[in-house]
Amino acid sequence: MAVSSTLSRLNLLPRPSLPYAVSTLRALKFRPMCAPLTSFSNSFSAHFSTPKSSPEPNTQSPGAPDYDFIVLGIETSCDDTAAAVVRSSGEILSQVVSSQADLLARYGGVAPKMAEEAHSQVIDQVVQEALDKANVRETDLSAVAVTIGPGLSLCLRVGVQKARKTAGRFNLPIIGVHHMEAHALVARLMEKKLQFPFMALLISGGHNLLILAQDLGQYIQLGTTIDDAIGEAYDKTAKWLGLDLRRSGGPAIEELAREGDAKSIKFSIPMKQHKDCNFSYAGLKTQVRLAIKSRNIDAEIPISCASHQDRSSRADIAASFQRVAVLHLEERCERAIEWALNIEPSIKHLVVSGGVASNQYVRAQLDQVVKKNSLQLVCPPPSLCTDNGVMVAWTGIEHFRIGRFDPPPPADEPEDFLYDLRPRWPLGEEYAEGRSEARSLRRARIHPSLTSIIQASLQQQR
Ligand code: KG4
Ligand code: ZN
């Protein structure tokens with residue numbers, strides 16, 4: 001991928017509307033004291049340290065004026081290279097996303113080695129662009145937040161290396177962020193009334209998660225996918241239907257589905273017999289593939305060249321697939337709400353986030369589910385549902401202000417440093433009553449969950 005062509009496609013969001021005075025910020029800048037560099041354990045495995053001089057825990061609502069600081073967020077866990085600069089007040093100073101849409105369209109999915117190369121080619125420019133758009137320099141930052149998992153190791157490494165180089169050079173603390181926590185917490189940046197506890201349905205290309213967020217870093221996993229995530233099913237369906245994948249498969253299916261009859265093909269809803277909150281999309285993918293084959297649809301013929309009848313047949317498949325894919329979400333959410341309200345009766349919100357949450361049909365259907373249960377749906381805007389740096393910066397801000405961060409890395413960290421990357425990293429502990437046989441057989445954890453790490457560190461402090 002040529003750097004110039006990638007850069008020309010950088011999705012640059014407009015500057016914040018509020019005038020931003022660097023001098024004021026500098027005056028207000030909060031810079032917590034970190035453990036001295038000499039005591040720094042360069043394993044980066046602690047993930048969170050709580051220095052003695054950490055800021056007071058923020059008991060106010062998110063975004064409430066307490067002290068002011070700025071965090072740079074870096075995200076490279078999958079196929080988007082993203083960076084953003086966000087103020088602790090929640091003001092988004094800049095957001096830059098460089099997508100690998102060309103590669104996705106060419107290979108029909110993410111090829112880790114190529115994705116890594118593409119990240120490496122643009123990471124410096126993306127971060128610089130984010131700083132420039134925000135009109136800040138590294139010296140104006142209080143910390144750097146970066147996704148350390150889950151995701152593709154090769155890709156995570158590019159972001160972590162950039163974050164550590166920047167943090168090391170400018171002596172900044174660093175916050176290792178859980179990608180799925182970031183998808184959930186960005187809703188708190190948008191909706192200031194969103195307090196813990198709340199529920200979240202996180203739907204992306206690699207994950208389907210239903211969680212109960214009890215507190216920052218404290219999550220109960222009500223359900224997860226036992227095979228493919230919904231975004232993967234959208235992407236494959238789009239590929240097999242010969243759709244234009246340059247904006248990824250989801251939006252292409254959403255658009256085509258509007259032309260189709262959603263009840264024309266009777267796909268069966270996954271896992272109806274399992275009365276839990278887990279998900280499965282592998283079977284639906286197979287049903288879709290068979291339906292495509294039986295209608296003699298040739299994915300080699302792009303939809304733009306298809307006959308009227310062929311197009312309408314593809315639209316029927318897209319619409320029928322989407323209806324059932326989302327019915328599966330609805331059914332699981334209904335049950336999860338019941339479970340969550342048993343655990344935490346004060347819950348008022350269901351957050352729906354992750355790339356698939358930018359889908360209007362998904363939002364409308366889930367809105368009906370939550371309203372039926374007297375809850376409120378919180379969906380970040382589409383640009384914050386798909387992978388972005390803002391969610392990483394914001395999650396960094398949430399942890400940083402209660403003192404969870406790592407001290408600055410050494411400025412001269414070697415290139416071949418072994419970073420602590422967490423490609424498979426559960427967010428929370430599984431809800432015991434929701435454990436399904438299928439899931440427990442397939443579990444392959446590499447890292448303890450974020451919640452268990454935080455609980456262990458809290459116990460140590462007592
Ligand atoms: O959260 P995300 O940007 O990256 C991951 O963490 O995976 O999600 C990407 C996924 C892709 O599968 C993409 O097809 C899907 O989100 N997606 C959508 C829509 N926009 C993105 N799926 C359905 N409808 C959409 N409008
Ligand atoms: Zn994501």
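**Reading a zinc site and its surroundings**

Modeller: Let's start at ligand 1: one of its oxygen atoms sits 3.5 Å from a backbone N or O atom of Val356. That is a polar contact, meaning a pair of N or O atoms within 3.5 Å; within protein, one must be able to donate a hydrogen and the other to accept it, and residues adjacent in sequence count only if both atoms are side-chain atoms. Before we go on, this is a predicted model, where local features need pLDDT of at least 70, side-chain atom pairs count only at pLDDT 80 or more, and totals for chains, interfaces and linings use all residues. Residues are numbered from 1 along each chain as its sequence is written, chains are lettered from A and ligands numbered from 1 in the order in which they are written, and side-chain values use heavy atoms, leaving out hydrogens and water.

Biologist: Which side chain has a polar atom 3.4 Å from an oxygen atom of ligand 1?

Modeller: That's Ser248. The side chain of His183 also has an N or O atom 3.2 Å from an oxygen of ligand 1. Taken alone, ligand 1 exposes 550 Å², and the protein buries 91% of that. Such areas come from the Shrake-Rupley method with a 1.4 Å probe; for residues, only the protein chains shown count as cover.

Biologist: How many residues surround ligand 1?

Modeller: A residue counts as near if one of its heavy atoms lies within 4 Å. Here 21 residues surround ligand 1, and the closest are Gly205, Asp235, Gly250, Glu254 and Asp387. Helix 8 (249–257) supplies at least two residues of that shell, as do helix 6 and helix 7 (230–240). Helix 8 gives the most, with four residues. Helices (H or I, at least four residues) and strands (E, at least two) are DSSP runs, numbered from the N terminus.

Biologist: Which residues coordinate the zinc ion (ligand 2)?

Modeller: Donors are N, O and S atoms within 2.8 Å of the metal (3.2 Å for Na, K and Ca); water is not among the atoms, so sites may look incomplete. In this model His179 (NE2), His183 (NE2) and Asp387 (OD) coordinate the zinc ion at 2.1 Å. Their spacing along the chain is H-x3-H-x203-D. His183, in helix 6 (residues 179–190), and Asp387, in the loop between helix 12 (382–385) and helix 13 (389–400), are 204 residues apart, so this pair links distant parts of the chain.

Biologist: Is His183 buried or exposed?

Modeller: Buried means under 20% relative accessible area, exposed over 50%, and partly exposed in between (1.4 Å probe, protein chains only). His183 is buried at 0%, and Asp387 is buried at 13%. Lys133, by contrast, counts as partly exposed because its relative accessibility is 28%.

Biologist: And the strands: which strand is joined to strand 5 by five bridges?

Modeller: Two strands pair if DSSP finds at least two bridges between them. Strand 6 (residues 174–178) is joined to strand 5 by five bridges, running parallel, and Val144 stands opposite Ile174 there. From strand 5 the chain goes through helix 5 (residues 153–169) to strand 6, a right-handed β-α-β crossover. Right-handed means that, with the strands pointing away from the viewer, the path from the first strand over the helix to the second runs clockwise. Strand 2 (residues 70–75) is parallel to strand 5 too, through four bridges. As for cover, seven of the seven residues in strand 5 (residues 143–149) are buried.
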